[in-house]
Amino acid sequence: MHTAENSKYCKTHEWAYLEGDVATVGISEHAQQEIGDIVFVDLPKVGQQVTAGQNCCVIESVKSASEIYAPMSGEIVEVNEALNGDPALVNRSAHADGWLFKIKVSAPAEYEALLDLKAYQETI
Amino acid sequence: MTSESLKKTPLCEACQKAGGKMVDFHGWFLPVQFNSIIAEHKSVREKAGMFDVSHMGQVFVEGPEAWQFLQYINTNNIKNTPPCGTYSHITDEQGRIIDDAISFCLTPEKFLVVVNAACIEKDVAWFEKHAAKFNVKITNDSARWGMIALQGPEAIAQAEKLIAGVGQMPRFTIKEIELFGVKGYVTRTGYTGEDGVEIMLPEDNIVKVWDSLLQAGVAPCGLGARDVLRLEAGYLLNGVDAEGCQTPYEAGCGWVVKLTKEDFVGKAALEAQKTAGLKSRLTGFVLMAAGVPRSGCKILKDGAEIGYLTSGTYSPLFKGIGVGYAPTDLPEGAEVEIEVHGRKIPAQKVKTPFYKNRV
């Protein structure tokens with residue numbers, strides 16, 4: 001199960017957790033705090049192809065819209081449907097139940113290029 | 001962002017101490033939120049919340065022709081009997097909104113005009129320009145005053161603990177007060193759609209009001225919640241909903257234009273517009289599917305662009321709401337689409353205010 005400690009990070013505040021060839025993606029605890037009350041998550045479509053760094057999801061808070069970038073390349077194979085009814089789950093559980101989507105990755109080596117928790121925390 | 005270059009209110013430190021997340025708001029260092037915009041919104045709708053509004057401007061207009069002057073620069077009929085306040089628009093010769101402001105009558109020869117923070121310099125220059133024709137003195141006293149808006153169903157009870165008699169004040173009136181040994185003003189006004197007061201005290205004295213209210217359980221609230229509350233209540237945000245090119249009629253505030261009164265700046269243009277009729281007007285929309293509309297989003301009807309939003313937000317009461325300029329012939333209840341991040345979301349034209357205030 002993904003946690004803050006065992007995940008890898010982008011400088012743009014997404015986390016990824018690779019299990020086999022599927023990466024689960026979410027946003028960091030720091031990012032959810034900065035965004036504030038999350039009221040809507042515009043999730044990507046299952047089957048959509050994404051490349052690392054591509055904007056593929058929007059998180060809306062009362063005050064602002066934040067673009068979420070795919071940490072790795074591949075195909076979206078699952079989205080967190082629970083967020084449609086309860087977007088604030090991302091606020092309450094950014095690293096566990098509030099994950100956003102899963103990517104079947106096409107370039108597993110991209111994972112190594114992501115930051116570990118300590119390196120990410122140094123960027124914020 | 002360097003906060004060094006930003007203007008600070010006397011409540012800046014108190015806001016930071018209370019956990020305020022500070023932002024640059026038109027050159028002012030102000031809290032956008034404390035804990036949660038949704039929680040702050042709830043406090044104001046259900047109990048009591050307070051806002052640092054010290055950035056707002058206080059302009060005194062004094063002299064034998066103070067009232068005549070205000071009548072000349074305002075579109076509305078300004079009441080000249082104390083302690084009445086009048087909400088009005090100030091327009092240019094073409095009838096375009098320069099600012100919206102409340103003029104409070106302290107005596108028949110002395111008025112306090114409370115103006116928007118972002119408009120202080122522009123308004124004062126405008127006042128000075130037209131004051132030449134009147135026996136009147138204009139004093140921009142904005143820098144001297146701290147101001148708190150205390151709002152919500154429990155606001156009056158909370159205010160009574162500090163200022164006895166507030167509950168007897170009619171809406172839109174002003175009262176001179178002495179609080180913590182200094183003279184100030186309280187007005188029965190606000191920008192949230194709830195009952196409440198706005199308290200003005202000079203300089204750092206306002207901190208004592210903040211601390212007392214905080215201790216009494218009033219929730220500190222930021223600009224984020226304030227924007228949701230005012231949009232729900234159908235209040236115009238000058239500079240955003242009125243972009244400098246619209247008249248009060250176009251901004252949906254025709255009731256502040258009194259064409260029957262003597263000449264005022266913009267009267268001829270407004271008369272002409274009223275006769276000719278309007279093409280577009282500020283209109284309310286509610287999204288019928290999930291999403292958050294924002295300023296600048298396109299309004300589409302049968303695929304064609306018919307207007308744009310000037311304000312939009314997520315309302316805890318009504319979900320996705322917004323106001324924007326749309327053709328006046330668009331009927332009530334009409335179904336349109338609002339384009340948010342490239343997604344066309346079904347929406348409906350509705351009457352504003354979205355929130356019918358209990359005031």
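User: What makes strand 1 and strand 2 of chain B a hairpin?

Analyst: Strand 1 and strand 2 of chain B have two residues between them and form a hairpin. Strands are DSSP runs of E with at least two residues, helices are runs of H or I with at least four, and both are numbered from the N terminus. In the turn, His26(B) has a positive phi of about 50 degrees. The model is predicted: local features need pLDDT of at least 70, side-chain atom pairs count only at pLDDT 80 or more, and totals for chains, interfaces and linings use all residues. Residues are numbered from 1 along each chain as its sequence is written, chains are lettered from A and ligands numbered from 1 in the order written, and side-chain values use heavy atoms, without hydrogens and water.

User: How do you know that strand 1 and strand 2 of chain B pair?

Analyst: Pairing requires that DSSP finds at least two bridges between two strands. Strand 1 (residues 21-25) and strand 2 (residues 28-33) of chain B have five bridges, in the antiparallel sense, so they pair. Val23(B) has Leu30(B) in strand 2 of chain B as its bridge partner.

User: Why is phi of His13(A) worth a remark?

Analyst: Most residues other than glycine have a negative phi, and most peptide bonds are trans. His13(A) is not glycine, and its phi is positive, near 80 degrees. His13(A) sits in the loop between strand 1 (8-9) and strand 2 (14-19) of chain A.

User: Which value goes with the cis peptide bond from Pro82(B) to Pro83(B)?

Analyst: Omega is near 5 degrees for the bond from Pro82(B) to Pro83(B). Pro83(B) belongs to the loop between helix 3 (66-73) and strand 5 (85-91) of chain B. Another cis bond joins Thr352(B) and Pro353(B), with omega about 0 degrees. Pro353(B) lies in the segment after strand 19 (343-350) of chain B.

User: Why is the pair Glu60(A) and Arg294(B) called a salt bridge?

Analyst: The rule asks for a side-chain nitrogen of Lys or Arg within 4 Å of a carboxyl oxygen of Asp or Glu. The closest N and O atoms of Glu60(A) and Arg294(B) are 2.5 Å apart, so the pair qualifies. Chain A and chain B have two salt bridges between them. On the side of chain A that touches chain B, helix 1 (29-35), strand 4 (38-42) and strand 6 (55-61) of chain A each give two or more residues.

User: How many residues does the contact take from chain A and chain B?

Analyst: Chain A gives 13 residues and chain B gives 17, where contact means heavy atoms within 4.5 Å. The area buried between the chains is about 1200 Å², with 57% from carbon and sulfur atoms. Buried area is the accessible area (1.4 Å probe) that two parts lose on being put together, summed over both.

User: Where do the bounds of the domains of chain B fall?

Analyst: Domain 1 of chain B covers 1-276 and domain 2 covers 279-350. Such bounds come from an automatic or database domain assignment. The domain centres, taken over C-alpha atoms, are 28 Å apart. Domain 1 of chain B gives 17 residues to the contact, and domain 2 gives 16.

User: How many salt bridges link domain 1 and domain 2 of chain B?

Analyst: The count is zero between domain 1 and domain 2 of chain B. The two domains bury about 1200 Å² between them, 63% of it on carbon and sulfur atoms.
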